[in-house]
Amino acid sequence: MLRKTADWRQLAERAADVLKKNDLGGWTRPAPGLYPHQWLWDSCFIAIGLSHVNPRRAIKELETLMRGQWKNGMLPHIIFSEDKSYHAGKNFWRAGRTKQISGVHTTGITQPPMLAEAVFRVGKQLNRSWRRQFYRQFLPSIIKYHLWLYRERDPYDQGLVALIHPWESGMDNTPPWVEALWSHRFANGMRVAKQLGVHTLHERFRKDTKSVPATERTSTADLLLYYELVRRLRGLKYDSGKILKNGFAIYDLAFNAILARANDLLADIATEAGASLPAELLQASSKTHAALETLWSRRRQYYLSRNFSTLRLIDQLSVASLLPIYAGKLTPERVEKIVALLNDSQLFAADWPIPSVPLNSSYFKPLNYWQGPSWVNINWLIIDGLRRAGKTSLADRLKNRTLEMVDRAGFFEYFSPVNGRGAGSSPFSWTAALVIDMIRS
Ligand code: 2M8
């Protein structure tokens with residue numbers, strides 16, 4: 001039985017309280033303890049939720065996010081607060097040396113481009129003249145960001161952008177990234193350290209596992225590899241050109257699916273603002289939907305990420321393979337293939353949807369971060385895509401099950417697809433924000 005929206009009123013109120021608790025004055029931390037800074041895609045999801053309860057505060061969330069935009073247009077994945085408890089803080093990144101920022105400290109990499117969606121959705125909650133003014137305010141920042149993505153991360157003009165660190169994907173230890181990282185030559189030294197067990201020495205220095213059990217987080221060996229990668233990026237002063245020439249990169253499926261949708265929303269924002277988009281951006285972005293098709297595996301019959309250097313598809317099914325549904329504009333055949341994956345009880349049709357890796361994967365662990373648990377933001381993206389593709393009853397079913405999962409377990413970072421138990425940090429802001437959005441829209 002699908003529950004009616006009115007039944008969820010209390011849950012929405014509790015969710016609004018979570019956002020208040022995590023509000024640090026103009027911006028919202030993802031969760032207490034583990035995440036004391038402002039994250040890029042978190043703040044976008046948070047603004048979407050806030051727009052239903054306090055549009056002015058939602059706008060503020062996005063304005064504070066823009067403090068971090070680099071002179072070259074990049075939106076960094078974290079804007080650091082003064083809190084020193086995070087494991088990879090500003091002194092580790094040393095991004096200030098690039099002279100790209102002033103007034104705030106940030107990392108030197110980005111995160112999925114959810115900004116256009118956030119601006120579009122927040123605008124929807126404003127009256128027409130306010131919306132126009134708000135869209136005009138944010139249009140230059142989104143344009144600058146998308147131009148940066150194509151100029152710096154799409155060197156061969158493919159319509160797809162390349163990511164240089166798993167943290168840019170937002171799905172840190174997702175199997176496609178883990179596989180690609182460990183098979184790259186830069187991991188050679190770390191592979192030996194792992195074989196010798198040397199990496200375990202770092203275990204008691206880990207800060208993140210002080211607030212969340214180690215079994216629910218990235219493994220120590222993977223984490224050390226991420227640090228090593230940051231050191232390399234830092235050495236090259238986060239210069240995408242140099243990094244892509246010699247280093248490690250992936251055409252990440254989920255990121256590019258989100259970008260394809262973001263371009264369409266940017267066009268809608270520009271139309272409503274009565275503005276036009278630069279020809280360079282229109283030219284670059286016009287290829288992205290079609291380029292997603294180059295990530296389709298004929299052998300596997302699903303989409304996959306592609307290794308930037310070897311050009312091989314990374315043969316690891318994960319929830320990213322479902323995200324082209326969010327990009328939209330798929331053929332009916334592709335939509336049916338994605339729906340079939342979602343309905344397959346060996347793969348993604350779990351009791352508590354949607355597992356971040358298939359239930360039958362050798363990686364699958366129900367409570368381990370991006371290697372099994374269900375995430376509310378991913379559910380939200382897939383539900384939105386299904387609805388636009390006309391798959392309304394499946395979208396409604398997933399939405400209700402997601403709300404039920406949060407209602408039972410609480411506002412956790414992620415949830416076991418097997419028994420719905422909450423894991424990770426709590427109370428988690430995007431879980432709360434997107435619960436509000438699912439109830440109110
Ligand atoms: C997680 O990632 C950060 C690094 O960016 C971490 O593990 O410390 C991811 O789930 C990411 O998607 C998210 O934005 C971030 C904050 O919620 O946490």
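Are Arg 206 and Asp 208 buried or exposed?

Reply: Arg 206 is buried, and Asp 208 is buried too. Buried means under 20% relative accessible area, exposed means over 50%, and partly exposed lies in between (1.4 Å probe, protein chains only). First, the ground rules. This is a predicted model, in which local features need pLDDT of at least 70 and side-chain atom pairs count only at pLDDT 80 or more, while totals for chains, interfaces and linings use all residues. Residues are numbered from 1 along each chain as its sequence is written, and side-chain values use heavy atoms, with hydrogens and water left out.

Now the pair itself. Arg 206 and Asp 208 form a salt bridge, with 2.7 Å between the closest N and O atoms. A salt bridge here is a side-chain nitrogen of Lys or Arg within 4 Å of a carboxyl oxygen of Asp or Glu. Asp 208 also meets Arg 217 in a salt bridge, at 3.0 Å from N to O. Asp 208 counts as buried because its relative accessible area is 2%. Arg 217 is at 4%, so it is buried as well.

Helices (H or I, at least four residues) and strands (E, at least two) are DSSP runs, numbered from the N terminus. Glu 216 is buried, at 7% relative accessible area. Arg 421 has 45%, so it is partly exposed. Elsewhere, salt bridges with shared partners join Glu 117, Arg 121, Asp 384, Arg 388 and Asp 437 into one network. The whole structure holds 24 salt bridges.

Follow H11 onward and you reach Tyr 238, in the loop between H11 and H12. Its phi is positive, about 55°, although Tyr 238 is not a glycine. At 7% relative accessibility, Tyr 238 is buried. Asp 157 also has a positive phi, near 55°. That residue lies in the loop between helix H6 (128-153) and helix H7 (166-169). Asp 157 is partly exposed, because its relative accessibility is 41%. Most residues other than glycine have a negative phi, and most peptide bonds are trans.

Two peptide bonds here are worth checking. The bond from Ser 426 to Pro 427 is cis, with omega near -5°. Pro 427 is in the loop between E9 and H20. Pro 353 and Ile 354 are also joined by a cis peptide bond, with omega about -10°. Ile 354 belongs to the loop between helix H17 (332-343) and helix H18 (376-388).

Helix H20 (residues 429-440) contains Arg 440. Arg 440 is partly exposed, at 48% relative accessibility. Leaving aside neighbours within four places in sequence, Arg 440 is in contact (heavy atoms within 4.5 Å) with His 52 and Val 53. Ile 439 also lies in H20. Ile 439 is buried, at 6% relative accessibility.

Beyond four places in sequence, Ser 318 touches residues including Thr 174, Phe 348 and Pro 358.

Last, the surface. Val 192, Leu 196, Val 198 and Leu 201 form a nonpolar patch, with about 390 Å² of accessible area together. Areas come from the Shrake-Rupley method with a 1.4 Å probe, and for residues only the protein chains shown count as cover. Patch members have over 30% relative accessible area and no salt bridge; like charges are joined within 9 Å, nonpolar side chains (Val, Leu, Ile, Met, Phe, Trp, Tyr) within 5 Å. Leu 196 lies in helix H9 (residues 188-196). It is exposed, at 65%. A patch of positive charge includes Lys 71, Arg 94 and Lys 242. Lys 242 is in helix H12 (residues 240-246). Its 48% relative accessible area makes Lys 242 partly exposed.

Terms used: Lys, Arg positive; Asp, Glu negative; His and termini not counted. Charge placed at Lys NZ, Arg CZ, Asp CG, Glu CD.
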